[in-house]
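Visitor: I am new to this structure. Please show it to me and take my questions in turn.

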Amino acid sequence: MGASAMSASGAPPGVGPVVQPGGWTPEDLRRDTGWAHRLDAAEIAAFERGLVHARASGKGFWDLAPGDFPFGEAALERLARALAETQQGRGFQMLRGLPVDRWSVEDARLFFWGLGLHLGVPRPQGRASQYMSDVRDAGGTYRSVQGRGYNTKSAFDFHADGSDLVGLMCLRTGVSGGESLIASSITAHNTMLAERPDLLARLYEPVPFSRQGEHAPEEPAWYMAAIIGVRDGRFACRHIRNHVMLHSRTDYVDHDAPERKRHLLRLWLSLPGAPALPESWRLAYKDVEACAVRGGFRGLGITPQIESFEARMAAHHAMAFRIYADRAHTQGVRA
Ligand SMILES: [Fe+2]
């Protein structure tokens, strides 16, 4: 951006402090711990009834629907409140007390999938088009050209994932460390505005992002997107409501025994109630309108079965489904 396009303070024209509930400080979170909820016995029992019902259906992941997980009105209301906190409140919500110790890993996966189906449309997370990632140390290298963080035991830089919402479900902790960290990009924005408005201006301009070698054949290996954008008066930052919260984790010491190693499940969701995204994110998200399936890292493993699952889930949540429009276009050009 040339100097002429900036205001006297160095900030981009029209850019001022963002005032939204997601703009908290650590002190705010210490003072009011409403961001954490311990599930009560009735809520847990209701979730388990839904899980048992889904298991008894014998359906595979791509054939399941929200109705296969009858969690009941009260537990769904709890989920709706948690979701509202991620979208209209602080931008994140912790639910404690899920009985993962007495669930098998497969039951935990099934439950987490059902929870996601009730909230939105799951999105793929990388080269293998996996819709639920195992976050554990698989010997990956974070600081490498194609490195991703989730399969390593490294500390992460603060970042945002590529979807409206990221869900993490902790099955086992390590020996020490591995704490999840979150930061408010709104507070970071406002601090930069006060201290270095000239640097903030750069974050509103598109920069290249790598697809880390995980792109589908029809996708370019990289795309342009601004780190910060505003759409319809709402602030969004790429760098849980994923567009406002940044997350990270500390490094950690793991157990030696494979069955005791730190293990989280990760789900990315596109949400029917999430707001429109900045226009400059279109290449990254494939769709930036509200109430549309968008985001995720498509990868190489999308099958007709997965597409029909996504279309069915989009219809369930009354969301537009244009996520593969770029592929049809590219194939048309090549044909
Ligand atoms: Fe992440």
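Visitor: How many helices and strands does the chain have?
Guide: This is a predicted model, in which local features need pLDDT of at least 70, side-chain atom pairs count only at pLDDT 80 or more, and totals for chains, interfaces and linings use all residues. Residues are numbered from 1 along each chain as its sequence is written. Helices (H or I, at least four residues) and strands (E, at least two) are DSSP runs, numbered from the N terminus. The secondary structure comes to nine helices and 14 strands.

Visitor: What share of the 335 residues counts as buried?
Guide: A residue is buried if 20 or more other C-beta atoms, placed from the backbone, lie within 10 Å of its own. Among the 335 residues of the chain, the buried share is 34%.

Visitor: How are H2 and H4 oriented to each other?
Guide: Helix H2 (residues 41-57) and helix H4 (residues 105-119) pack with their axes, lines fitted to C-alpha atoms over the stretch in contact, 10 Å apart. The angle, taken between N-to-C directions on a scale from 0 to 180 degrees, is about 105°. Angles of 65 to 115 degrees count as roughly perpendicular. H2 and H4 are therefore roughly perpendicular.

Notes. Angles under 35 degrees count as roughly parallel, over 145 as roughly antiparallel, 65 to 115 as roughly perpendicular and the rest as oblique. A residue is buried if 20 or more other C-beta atoms lie within 10 Å of its own, exposed if 12 or fewer, and partly exposed in between; C-beta atoms are placed from the backbone.
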